Amino acid sequence: MTSCNIAGTSAYTPTTENPWNAAKVRHVYRRLGYGATPATVNLALAGTPQELIDQLLSEAISMPNTEAPAWANWTIDNFTNFDEENEDYIRDWKFQAARDIFSKGLKARMAFFWSNHFVTQLDTYFYAPYLYQYWDVLQTYALGNFREFVRVIGINNAMLIFLNGFENTEAEPNENYARELFELFTLGADNGYTQEDIEEASRALTGYNHWESFGSPITFEASTFDATDKTIFGQTGPWGYDDLINILFEQRGDLIAPYICTKLYTYFVSPDVNEDIIAIMAQTFIDNDFEIAPVLDQLFKSEHFFDPDAEGGIIKSPYDLVSTYLTESGFQYNDAEDEVTGLIVYITDTLGQDLFQPIDVAGWQRNQDWINSSTLTGRWLGMEYVSWNMWDFSKDQFRQFAKDLTGDSNDPAFITRTIVDYFISKPLYTESDYEVATSIFRWEVPENYFDDGTWDLDWSSADYQTLLLIFHIFKMPEFQLK
């Protein structure tokens, strides 16, 4: 579908009709990261939109990768009890990646985005060092050069196993990686390549078939490489791996750019595309030699990104749902034994987003695919489970949250509206929706206590009332959107 957002790519300048306010700041943080606390929002409001984007991009680019675990480059010979230790390390790294997603803002969001573009499936290779190495590459190139990203990811150990590059030899060519390189990773389905191009490219990709022992790096083996001439996109020669990547970007760069920019646009702005904006982004991509950061810089600073039509139009993924709530609520929880991290990984898996295990090589299709009759109920219950852990850790933090957000108001209607508006991207559709929410918040407190001002947020039940309101917000359609 075509987007209703017709704003351009000129830098966003706040106006009376489209002001720079807390809702706009939360829009930025929900799209570029996973939400922001009120204190972070207030800091952003002290500057300009352009300064905030510069800050977030700069932080992401300069942020170091997650520190390597001791077993990052082990082979099977380094394990004492392979089956047990490998499974434990995989669990540990999934939890670590989940914590990265919660806490590392745009860098982690981009790494996670690319894991759904350069898809591998953990169940296929199921080897902890390869899992770490894959996540490390995604972090390294998250905002870097896309051509070099493509070059490196194709000979990543996890990818070589998943898409059968390890089995691709001169004697027995395997077309899997060549096909997905064109169809999913760079050009898009049936866009600028033929079956003959796939066959010829697969021959250029041969040779990555050697390892010293199970789990060691997969390296190039000249004896299994097809050194004869291949014709790829009209170019003939004894092409190898690097030659193929160079030819692909030289001959099909004008197709790669809009394909990748469309994926970035639908992820960050709207599932309904504006082709004019895509074309501008694509030209920026080409002009900057396929560097990712300048494209993001242009998009995130634009009137288009800050247009009201860009707000509240994307369905939250399971990780969006949980991670943004954790950040924006600021609620504390006991995770000493990875209890909550494990719960979150389990909940997001149950809701259809199993970390490092997209549904197929094309990845999660996102947006409406996240919602159906069973997952919607699961989203409500999952958020409640997480909140009960926070409640057990400290009931009073729910009271304090309401106090801090509302200036310690004793007006239940104002408290309700403020908390509801804080957690959703756009106001509720009707006043009656707020009235229903207010009635939930009032709970069983006698009406006269509100009328005469007896009740306030120090009331004994105020913490539980806040929890009930938050549970009600979880079930709002608006809460499912960002």
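The accessible surface of the protein chain comes to about 19,800 Å², and carbon and sulfur atoms hold 50% of that. Accessible areas here are Shrake-Rupley values with a 1.4 Å probe, and for residues only the protein chains shown count as cover.

Before going on, the conditions. This is a predicted model, in which local features need pLDDT of at least 70 and side-chain atom pairs count only at pLDDT 80 or more, while totals for chains, interfaces and linings use all residues. Residues are numbered from 1 along each chain as its sequence is written, and side-chain values use heavy atoms, with hydrogens and water left out.

Overall shape next. The protein chain has 23 helices and two strands; helices (H or I, at least four residues) and strands (E, at least two) are DSSP runs numbered from the N terminus. Its radius of gyration is 25 Å, close to the 23 Å that the globule rule gives for 482 residues, so the chain is as compact as a globular protein of that length. That radius is taken over C-alpha atoms, and the rule is 2.2 Å times the number of residues to the power 0.38. Along the principal axes, the C-alpha atoms fill a box of roughly 90 × 55 × 40 Å.

Of the 482 residues, 56% are buried, where buried means under 20% relative accessible area, exposed means over 50%, and partly exposed lies in between (1.4 Å probe, protein chains only). Taking contacts between residues at least 6 apart in sequence, 74% join residues at least 24 apart; a contact means heavy atoms within 4.5 Å.

The search uses a 1 Å grid over the protein atoms alone: a cavity is a set of points where a 1.4 Å probe fits but cannot get out, a pocket is an open set with protein on both sides within 12 Å along at least five of seven lines, and lining residues have an atom within 4 Å of a point. Grid points are joined across faces, edges and corners, and a volume is the space filled by probe spheres set on the points.

The largest pocket holds about 600 Å³ of space. It is lined by 30 residues, and those closest to its centre are Thr266, Trp364, Gln365, Arg366 and Asn367. Helix 5 (105-115) and helix 12 (241-268) are the elements that give two or more residues to this lining, and helix 12 has the largest share, four residues. By class there are 14 nonpolar, eight polar and eight charged residues. For the classes, Ala, Val, Leu, Ile, Met, Phe, Trp, Tyr, Cys and Pro count as nonpolar, Asp, Glu, Lys and Arg as charged, and the others, Gly among them, as polar.

The second largest pocket holds about 340 Å³. Of its 19 lining residues, Gly35, Phe102, Ser103, Lys104 and Gly105 are the closest to its centre. At least two residues each come from helix 1 (22-32), helix 3 (49-62), helix 4 (82-103), helix 5 and helix 16 (318-329). The lining divides into eleven nonpolar, five polar and three charged residues.

Helix 16 also contains Tyr325, which counts as buried at 1% relative accessibility.

How many cavities of 30 Å³ or more does the whole structure have? One. The largest cavity holds about 80 Å³, and its lining has six nonpolar, four polar and no charged residues. Among the lining residues are Met159, Asn174, Tyr177 and Tyr241.

Tyr177 is also one of the buried residues of helix 10. Eight of the eleven residues of helix 10 are buried, so this helix is largely enclosed by the rest of the structure. The cover includes helix 8 (146-153), helix 9, helix 11 (195-204) and helix 12. After helix 10 comes Gly188, with a positive phi near 95°.

Last, two backbone items. Asn164, in the loop between helix 9 (157-162) and helix 10 (176-186), has a positive phi near 70° although not a glycine, and counts as buried at 17% relative accessibility. Phe126, in the loop between helix 6 (122-125) and helix 7 (128-140), is another non-glycine with positive phi, about 30°. Phe126 is partly exposed, at 33% relative accessible area.
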